[in-house]
Amino acid sequence: MALYKIEDFNPNYRQDVFDGEDVKGIPVYAGKTDEKIGTIHNVLVDETGRFRYFVIDTGFWIFGKKVLLPVGRCSVDVEYQRINAIGITSKEQAERLPEYDDSMTVDYDYEERVRRVYRTPTVEATVPVEASPPVETAPVVSAPVAAAYDRNSYTYEHEPQLYQMSDRDHQKFRLYEEKLIVDKSRRKTGEVTIGKRVETETVRTAVPVEKERVIIERTTPKSVDTPVFPDNSAFKEGYVAQMEIYEETADIKKQAFVREEVDVRKEVKRDTIEATETLRHEELDVDTKA
C-alpha cells in the first residue's frame, strides 16, 4: 500500500479538497488535556487519494519531532480551525512513536511500528464508559487481533478505528443566502454632431464720394476805366494757369471677423433608480430526537 504526500498526489489539493484553503499549519491539540502538541505538517494519502495519516510537527512539545497520526484517531473542529488528536493522550505516548522524515518511504514495517503505539491500551480505555468523554471512547484494537494480519493481507479497512474518519466529527454543513448585487453598465443613447456651414446674403451699402471740378467765371472789374501799369506778363502769349482736379472712388472689399464663439461641453445628470427583489436565505433547522 503506497502512501503519497498530498501535494505529490494532487498538486491542486487546496482547491479540490479544501476550497482554496490549506490544511498545513492547522494547530493540533491533545484530545484529553487540550494541550497544543503541534501543527499539521503534511497529509499522507493512499493510491486512491483517501487520507490515512496527518504528519504532526510537534515543535517545542517534543523538540520538533514529526510523527504520524492516523486520521481515525483525531477529530476536526471546523468552527475553531483545529484538530483534536484523540489518539495522542500524553507526551510519553508521542515519544514512543517512530520519527517521520520527509525523505523517507513509509512502508508496512514503519506503519506497524506506528500502529502498535496506537493499538496499545491507554489508561483512558480502562475507564468506564460513563466516566469517559464521548470523544475519547473510540474503540481500541489490541495487538493480538492486529497480529491476525500480515504485510500481504493487511488493509486499512481492517482497522477502521485508525483510518476511518467519523462523519459525526468531520462533516461540514453550509448555509447559503442570496445578496443583491448592483452593477452599472454604460450604453450609448445618442450622438450629437456639431459643425458649421456657410450661408450667403447680399448686402447693399452707400459710400459718399467727392469729385472736383473747375469753374471758370468771367467778370468785369469795377475799375475798368482806370489806367494800370502792366507787369512783365502783360501782352505775352503762352502764359497759362494750372489747377489739379481730384475725385474720390469707392474701394469696397471683404474682411473676415469673429462673430461669436460656441462652447461645446457635456454635463452629467444623476438619477436614482430603485429596484425591489425577493432574496432567499437558508436557516438551520435542528431536529433533536431523544
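Reader: What pattern does the protein chain follow along the sequence?
Author: Happy to start there, with the reminder that this is a predicted model. The secondary structure comes to seven helices and seven strands. Read in sequence order, the protein chain follows β-α-α-β-β-β-β-β-β-α-α-α-α-α.

Reader: What share of the residues in the protein chain is buried?
Author: The cut-off to keep in mind is a relative accessible area under 20%. The protein chain has 290 residues, and the buried ones make up 26%.

Reader: Is helix α4 largely enclosed or largely open?
Author: Let's begin with its extent: α4 covers residues 108-119 and reaches 16 Å from first to last C-alpha, close to the 16 Å expected. Its buried residues are Tyr108, Tyr110, Glu111, Glu112, Val114, Arg115, Val117, Tyr118 and Arg119. That is nine of the twelve residues, so the rest of the structure leaves α4 largely enclosed.

Reader: How far apart along helix α4 are Arg115 and Glu112, and what is the distance in their salt bridge?
Author: Good pair to pick. Arg115 and Glu112 are three residues apart in α4, so about one helical turn separates them. In general, an α-helix has 3.6 residues a turn, so residues three or four places apart point the same way. Both Arg115 and Glu112 are buried, and their side chains meet in a salt bridge with an N to O distance of 2.9 Å.

Reader: Which residues are linked with Glu112 and Arg115 in a network of salt bridges?
Author: The structure holds 16 salt bridges, and several residues are tied together by them. Besides Glu112 and Arg115, the network includes Glu111, Arg119 and Glu159.

Reader: Are Lys188 and Glu191 buried or exposed?
Author: These two form a salt bridge, with the closest N and O atoms 2.7 Å apart. The relative accessibility is 63% for Lys188 and 61% for Glu191. Exposed means over 50%, so Lys188 counts as exposed and Glu191 also counts as exposed.

Reader: Which residue has its side chain joined to that of Asn42 by a polar contact?
Author: Asn42 is found in strand β3. With a relative accessible area of 4%, Asn42 is buried. A polar contact of 3.1 Å joins its side chain to that of Glu7.

Reader: How many residues in the lining of the largest pocket are charged?
Author: The count here takes Asp, Glu, Lys and Arg as charged. The lining of the largest pocket also has six nonpolar and two polar residues. The charged residues number ten.

Terms used: Residues are numbered from 1 along each chain as its sequence is written. This is a predicted model: local features need pLDDT of at least 70, side-chain atom pairs count only at pLDDT 80 or more; totals for chains, interfaces and linings use all residues. Side-chain values use heavy atoms; hydrogens and water are left out. Helices (H or I, at least four residues) and strands (E, at least two) are DSSP runs, numbered from the N terminus. The expected span of a helix is 1.5 Å times one less than its number of residues. Buried means under 20% relative accessible area, exposed over 50%, partly exposed in between (1.4 Å probe, protein chains only). A salt bridge is a side-chain nitrogen of Lys or Arg within 4 Å of a carboxyl oxygen of Asp or Glu. A polar contact is a pair of N or O atoms within 3.5 Å; within protein, one must be able to donate a hydrogen and the other to accept it, and residues adjacent in sequence count only if both atoms are side-chain atoms.
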